[in-house]
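Hi everyone, thanks for making time this morning. Let's bring the structure up on the screen and walk through its aromatic rings together.

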Amino acid sequence: MGCGNSCLSMRKSERAVKAALIIQNWYRGYRARLRARQQYALAVFESIEYADEQSQMQLSDFFSFMLENYTHMNKEDPRDLHGKLDDLFLIFYKNGLPSGDNPYLFNGDFIDRGRNSIEVLMILLDYAINLTYQKSKTYLSSYLQLHGKKILQTLEDFYTWLPIGAIIDNETLVIHGGISESTDLKLLHRIERNKMKSVLLPPVSTNSTEPEKKKVGAIIMSGIITSKNDPSEQLSKQEWEQIIDILWSDPRGTKGCFPNTGRGGGCYFGPDITTNMLNKYHLKRIIRSHECRPEGYEICHNGKVITVFSASNYYENGSNRGAYIKMGYGMALKFSKYQITNSTCMQPLHQRVSAMESSAIRILKEKMISRKTDLIHAFQLRDYSKSGQISMEEFRTIWKLFSSHYNVQVEDSQIDELANTMDLNKDGSIDFNEFLKAFYVVHKYDQLNKSNTKHSRY
Amino acid sequence: MERQRQTAEVFGNENNKMGIPRNCEDGCLVGTELVEVKVAEFHKRIKEAFEVFDHESNNTVDVREIGTIVRSLGCCPSEGELHNLLAEVEEEEPTGYIRYEKFLPVMTKVLLEGRYRPVPDDVLLQAFETLDSAKRGFLTKEELIKYMTEEGIELGSSCL
């Protein structure tokens with residue numbers, strides 16, 4: 001048995017295996033780095049989106065106030081993001097137009113943020129007999145300034161009558177956000193939903209010693225607008241909270257129910273909450289939306305919770321697919337994914353990731369520039385020695401003043417931790433760059449404190 | 001002080017000596033100061049990489065993302081090496097999640113010791129050339145798939 005040839009070929013294939021392994025390893029590393037960059041970009045988009053929601057609240061309050069008290073408004077263009085009309089057309093094209101035999105269920109958020117919000121709304125209204133929509137958080141006011149007060153009023157009323165949830169075939173619960181441990185379907189069924197003008201206007205208590213509302217906008221509003229309404233026109237606090245939970249909650253892997261600090265409303269609910277809820281009402285699953293998913297849909301909580309998101313390329317071209325679900329009685333669920341294709345979607349992965357990244361960095365820059373004067377001002381205010389740096393002592397003093405003035409409880413250990421986190425190069429002081437970077441942290445910290453006091457009912 | 005404690009965490013158990021590293025880049029001993037700075041920098045990088053996959057903001061990541069996190073930090077472990085690393089950071093009863101408190105010290109050590117370094121570019125080039133027997137300067141997609149799935153450890157065609 002001559003060794004010569006077989007030895008040679010064995011060595012050759014050994015080398016081939018080694019070479020393949022090296023290339024494999026390198027490739028895995030390459031893809032991982034791309035994936036990490038993708039995640040960073042997505043995190044930026046998501047946090048700006050959720051932070052936006054907070055500031056949108058205040059903006060919306062302001063607009064409502066202006067509308068009530070002034071007849072003329074300057075025209076304002078809505079933010080220029082992608083039109084969701086393409087996705088809608090695609091869905092109708094693939095599945096036929098809505099009809100008695102072909103019912104559709106739209107699970108909320110169909111008009112905010114899109115460039116073609118009004119077109120989408122009009123098309124959906126055209127087929128109103130056969131569509132059931134559900135409410136989502138409504139930023140109706142700011143998007144409809146263009147079209148006159150009367151239309152706005154009608155649409156607002158219409159919006160308040162939209163159903164807040166649906167149960168399909170006695171086994172699937174469809175809601176926009178999620179659930180909480182206290183979600184009560186019977187209560188939600190009973191609620192006179194048209195009393196909920198907007199999630200942004202919490203019910204005013206007749207007892208004025210309630211200091212719970214931390215949102216400045218809400219306090220202004222409750223003094224001026226809702227005082228016109230008598231208590232029977234509003235929801236009870238419990239009803240209002242139930243609806244907020246339904247519209248704003250997100251599923252998470254951790255068991256239990258926690259305040260949703262990302263959004264400032266609703267909660268994070270775990271698989272045990274889902275199981276309890278489904279068992280209580282003899283349901284099989286929950287279908288919800290509210291969160292953008294890279295593949296258009298995602299299944300979690302052991303198959304019991306399905307997230308479906310229908311706006312493809314939501315954050316940026318190539319950021320995500322859209323999806324919808326087809327259901328038939330007794331049939332398994334059918335998922336369909338799609339992506340509105342333009343040339344950018346066909347590019348190789350690293351180019352798509354770069355495009356997403358630059359988009360994320362750009363909007364981050366815009367955010368910072370728009371708040372630049374605030375940031376510089378805040379920094380200078382705390383920089384006593386004008387050295388371009390804040391020492392830890394200065395920081396602690398300022399923070400203590402700040403917290404006592406704004407009635408925010410911050411403990412010493414938290415201040416230290418905050419300062420240490422800001423001091424990135426650990427030299428004992430905070431320079432302007434670190435401050436800018438950390439501003440985000442401070443903002444998050446504030447939300448954390450606010451939510452902790454708001455959700456003391458847990 | 002806190003920084004010295006971190007250094008001890010990384011080396012203390014191994015050598016019973018504080019602050020004397022075993023391996024370093026140019027093969028000579030460096031002072032503890034330099035190591036502390038390195039450790040701080042590694043901590044920062046590890047924290048950032050971990051956080052971006054921490055979707056629930058509760059200092060845990062899905063165990064399936066650990067490979068991506070480790071690789072995004074510049075390491076190139078094989079699947080087997082990754083498996084061993086996972087064993088070090090998992091809980092006694094696997095929950096499907098890895099906690100930051102467990103991950104940080106292990107990963108810091110990996111970075112300090114320079115484990116799982118990626119191969120230098122010329123070796124990578126050689127590897128390609130080995131498979132490209134006809135010396136064309138490229139590999140077709142089919143050939144690549146064939147090599148990746150038949151030889152070596154399966155990548156899974158979805159990765160391609």
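**Aromatic pairs in a predicted model**

A:Tyr27 is buried, at 18% relative accessible area (buried means under 20%, exposed over 50%, partly exposed in between, with a 1.4 Å probe and protein chains only). A:Tyr30, at 29%, is partly exposed.

Some ground rules: this is a predicted model, where local features need pLDDT of at least 70 and side-chain atom pairs count only at pLDDT 80 or more, while totals for chains, interfaces and linings use all residues. Residues are numbered from 1 along each chain as its sequence is written, chains are lettered from A and ligands numbered from 1 in the order in which they are written, and side-chain values use heavy atoms, leaving out hydrogens and water.

Rings of Phe, Tyr and Trp (its six-membered ring) pair if their centres lie within 6.5 Å; planes under 30 degrees apart are stacked, over 60 edge-to-face, the rest tilted. That rule gives 9 aromatic pairs over all chains. In one of them, A:Tyr27 and A:Tyr30 are tilted, with centres 6.2 Å apart and 35 degrees between the planes. Both sit in helix α1 (residues 4-69) of chain A, 3 residues apart, about one turn of the helix; helices here are DSSP runs of H or I, at least four residues, and strands are E runs of at least two, numbered from the N terminus. Ring pairs also join these two tyrosines with A:Trp26 and B:Phe128 in a cluster.

Over to chain B, with its 7 helices and 2 strands. Of its 160 residues, 38% are buried.
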